[in-house]
Amino acid sequence: MAQPLVKKDDDRDDEAEYSPFLGIEKGAVLQEARVFNDPQLDPRRCSQVITKLLYLLNQGETFTKIEATEVFFAVTKLFQSRDIGLRRMVYLMIKELSPSADEVIIVTSSLMKDMTSKTDMYRANAIRVLCRITDGTLLTQIERYLKQAIVDKNPVVASAALVSGIHLLETTPEIVKRWSNEVQEAVQSRAALVQFHALALLHQIRQNDRLAVSKLVTSLTRGTVRSPLAQCLLIRYTTQVIREAATTQTGDRPFYDFLESCLRHKAEMVIFEAARAITELNGVTNRELTPAITVLQLFLSSSKPVLRFAAVRTLNKVAMTHPMAVTNCNIDMESLISDQNRSIATLAITTLLKTGNESSVDRLMKQITNFMSDIADEFKIVVVEAIRSLCLKFPLKYRSLMNFLSNILREEGGFEYKKAIVDSIVILIRDIPDAKENGLLHLCEFIEDCEFTYLSTQILHFLGTEGPKTSDPSKYIRYIYNRVHLENATVRAAAVSTLAKFGAMVDALKPRVFVLLRRCLYDGDDEASLFFINLLLMYKSKFSIVRDRATLYLNTVGSDGEVIETDKVVKDFLFGSLDIPLANIETSLKNYEPAEQPFDINSVPKEVKTQPLAEKKAPGKKPAGLGAPPSGPPSTVDAYEKLLSSIPEFSDFGKLFKSSAPVELTEAETEYAVNVVKHIFDRHVVFQYNCTNTIPEQLLENVTVIVDASEAEEFAEVASKPLRSLPYDSPGQIFGAFEKPEGVPAVGKFSNMLRFIVKEVDPTTGDVEDDGVEDEYQLEDLEVVAADYVMKVGVSNFRNAWESIGPDFERVDEYGLGPRESLAEAVSAVISLLGMQPCEGTEVVANNSRSHTCLLSGVFIGNVKVLVRLQFGIDGPKEVAMKLAVRSEDDNVSDMIHEIVASG
Amino acid sequence: MDTCPSIKNILLLDSEGKRVAVKYYSNDWPTNSAKEAFEKAVFTKTQKTNARTEAEIAMLEGNVIVYKFVQDLHFFVTGGEDENELILATVLQGFFDAVGLLLRGNVDKKEALENLDLILLCLDEIVDGGIILETDANVIAGKVASHSVDVGAPLSEQTISQALATAREHLTRSLLK
């Protein structure tokens, strides 16, 4: 603390003439505090010293433990003085010092004396101080006085006790709850604030008792609550009761009349609280809204900024759900655009954008243009988003809105703001065909002078998709080619890709694009090895390498400038969306060594990896070498693949289609823990039993799993691989392989028995006895279900994928799912039954919604793509109905999906 | 929003954004540097606005801040995002007017620092641990200005100024009834 003091003195110099605390220094003030010990106290002097100490604390100065203790003890001496002013400062000081428990004892008796003093000020303040610094044990001693204080004639004393009660309820609820009779009496107090504090405390005491809260509200809404603050509280409690009542009964909303009557209260804070409460009611009707909107509208033209702000903020929220209800306020709103307070102006504009009609758009845009230059980016983003939704609402007005967006795109602004604008333009181009050419040109102009690499690459990519489809694609070429010269490697690479797309899609441009791409070959950035790798990684644009990309595109376009048939593979490569998880490509590429054999993208597993949680429990157990089998159960797809291909018996099974998540075959905490992973091949199924021996005194040898496949007729056992020994806490794997008909999703039930020889082990020495006993251990049954044949593979755009598969093999049917806990529960049950990948976040069901649509995608065994659209509905007694639409490339598969649901 | 209205902090800064007196009731700003950073942000955001005739309002870091300026003093009251703005404004007005009464109309930084004890007591009487204690400026000032001697003390021991203060207290009391 010593070193900043010098600096502080410097700071103080500028304000020399102002401050009575000029040059104040902690050490000196602590010295001064010795006057507290004088036999003849000078109250004035002591007050000044305390003020100085409080000033230091307030400025952020801290006292060491010793200093604080010293000051505390000195201050306690001051209880001798009868000067009220000094006593008040003593109270403040004690609260600031927040003394420790053993220090508290020193002042307790003085404070308790003050609590029973005749002076109201003493009583009130002593209560607040004592309750602030006390702990539970002391509280029982003073409880009696506190209960008296709650019903004290003096409102200041009563309030002090009640507010202290509210604070104490957090630490010692059991004591405070005993005061509810007194608190109830205080609710009836004639003093406004006592009523407020009593109501707050009473509600907090009873908040977990719904019935009591409801009773409290019922009685108070009939009676008269004097304090506006208490009335605000009552409104909050009432809305809580309304919300809870609404879930159990329907019909007329209880207490609405009370809320509405509060709109005519004389205090503005109550009117506003009630209006806001009404707008936030669940499923509020227009009729209920109208009176609330009317009072808020009056507030809009108030002279008080706070009132205008409160009103416009609330109306802005209402406009999101009930835009029509707010339109009446539009004229008042428009005048707020020029409000001095920019927060109010922004809220007004965004509200207007939500409620405005087609004819007012142009006028509105004019007003906004003037306004945009003097608000902060955070407000601008809000406005841009509002304009985007307005444009989608009134597509005919795209011209003025698009112009507006392009204008603000050229002005100064940070990344988030620019991104919001670009995103908006892109969305408008997608959704409003007329806006396309205009919008693309705006974007082209923007990338001419864009400092954000991310935005440039996004725009270039977008140009590549949309540009070639326009009436005159050639006009974009110049903009794109300029990027190849003037930008960093990432943007250059993106520009090359875009050029190639133009070349591949527009025949007329091929020769010109070819010339341009040729030039790109001289790009200096060439740390390349394989163009394939780069190309794949361009999806993670940080590795993109321009030169090699240009080479590839030259191959695509045709090396001698002629128009050649671009074959499907290359086209897919350029334009198709990659349906392989990037993480998987990355791993595969890392393992790939440049050699004779080209990298085969089809060898990359398509399964979306799920994070193996169980794996994390046993860290640091890495396989010793590449040849050695891993010691822990590997659970990622490629790890499984590696493991299985290392076992000669399974090497001719072909490519692994899918591995299931581990299924537990034992209860938790049994002697032997076994789970199983189902590996699905085209003609085989391999069960991988992961076993752990949890008994330190045992060693298991010759461990096998005896599988009874009598309830799985289509399966025939072909191989099994027992475990020679299973020591304590060192997991091992047993495998069993079954043959099944090719490409058929055969299902069945398998019962399993663990058979082994047990040998005793001395856990202290590790010695193993020679003789063992044969033993068996029953495991739970294992099922192979249809979902095992479906692989989770996501699609990036479900609608496009759905359309492109087409309705040839569509199967639609409806199912009743019977009574369910909730819609969300039904949805997740069907998803796990089908074992498919939810798309576009549709696995999440909104709270309280009555219907839901869920989109799933996956690949069925035999590499058949399957898409599923599920529509759920729930009615009163939790009966869930479901409509299932399946599209796939094979009608058998579509039927199969229905079978899974029908049998599940 | 079923909870009691609560105040996160009350700030009294000078015209350069430096502290005159501040009081924090919430743990949103645990360290002194966090507090100072917040004060700086609030001050910068509001300094160019005109909050001299009517209280103004702004949002910052998910908080609603109402504020009012007089001379070289800036008064702020902060509440949560969902707090009723008018309740915050009432607290601000109570603080603002009470300081005006206590400083007898000479509301500026110099006067405030010279009577810092009154300002600190005033803060103490408005809000207790985030809960609004009192919003009526006359009552707040009355409680603070009862700066007299213990009622038990004989009248002769009072100085003239103390006697005046007692008289003023009696006056405000009688006004309230």
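Let me start with one pair of residues: K749(A) stands opposite E783(A) in β11(A), where pairing requires that DSSP finds at least two bridges between two strands. Before I go on, please keep in mind that this is a predicted model, in which local features need pLDDT of at least 70 and side-chain atom pairs count only at pLDDT 80 or more, while totals for chains, interfaces and linings use all residues. Residues are numbered from 1 along each chain as its sequence is written, and chains are lettered from A, with ligands numbered from 1, in the order in which they are written.

The elements I name are DSSP runs numbered from the N terminus, with helices (H or I) of at least four residues and strands (E) of at least two. The strand β11 covers residues 782–784 of chain A, and 3 bridges join it, in the antiparallel sense, to β9, which covers residues 748–761. The strand β9(A) also pairs with β10, residues 768–778 of chain A, again antiparallel, over 8 bridges, and in β10(A) the bridge partner of L754(A) is Y777(A). Between β9(A) and β10(A) there is a hairpin with 6 residues between the strands, and there G766(A) takes a positive phi near 85°. A further antiparallel pairing, over 10 bridges, joins β9(A) to β5(A), and here L700(A) stands opposite V758(A).

Within β5(A), which spans residues 698–711, we find S710(A). Is S710(A) buried or exposed? For this we count other C-beta atoms, placed from the backbone, within 10 Å of the residue's own: 20 or more make it buried, 12 or fewer exposed, and anything in between partly exposed. S710(A) has 10 such neighbours inside 10 Å and therefore counts as exposed.

Let me turn to the helices of chain A. Helix α8 (residues 136–150) and helix α9 (residues 155–171) of chain A have axes that come within 10 Å and cross at roughly 145°; such axes are lines fitted to C-alpha atoms, for helices over the stretch in contact, with angles running from 0 to 180 degrees between N-to-C directions. The crossing of α8(A) past α9(A) is left-handed, a word used when the near helix is turned anticlockwise from the far one by less than a right angle, and right-handed if clockwise. Among the residues that make this contact are L139(A) and L146(A) of α8(A) and V157(A) and L168(A) of α9(A), where contact asks that C-beta atoms, placed from the backbone, lie within 7 Å. By class, the residues of this contact divide into 10 nonpolar, 2 polar and no charged, with Ala, Val, Leu, Ile, Met, Phe, Trp, Tyr, Cys and Pro counted as nonpolar, Asp, Glu, Lys and Arg as charged, and the others, Gly among them, as polar.

Helix α29 of chain A, residues 489–505, reaches 24 Å from its first C-alpha to its last, close to the 24 Å expected at 1.5 Å a residue, the expected span being 1.5 Å times one less than the number of residues. Why do we call α29(A) largely enclosed by the rest of the structure? The reason is that 14 of its 17 residues are buried.

Now to chain B, which has 6 helices and 7 strands, and in which buried residues make up 48% of the 177 residues. Five of its strands form an open sheet in the order β2-β1-β5-β4-β3, with antiparallel pairing. The strands β2 and β3 of chain B stand at the edges with a single partner strand each, so one side of each is left without a neighbour in the sheet. On average, neighbouring strands of this sheet are turned by 20° against each other, direction ignored. Inside the sheet, 7 bridges join β1 (residues 7–14) to the antiparallel β5 (residues 73–80) of chain B, and I10(B) stands opposite V77(B) in β5(B). Helix α1(B) lies across β1, β2, β3, β4 and β5 of chain B, at about 130° to β3(B), whereas α4(B) lies across β1 and β2 of chain B, at about 20° to β2(B).

Finally, how do the chains meet? The contact takes 47 residues from chain B and 48 residues from chain A. On the side of chain B, the elements that give two or more residues include β2, α1, β3 and α4 of chain B, and the residues of that side divide into 23 nonpolar, 9 polar and 15 charged.

Key: Contact = placed C-beta atoms within 7 Å.
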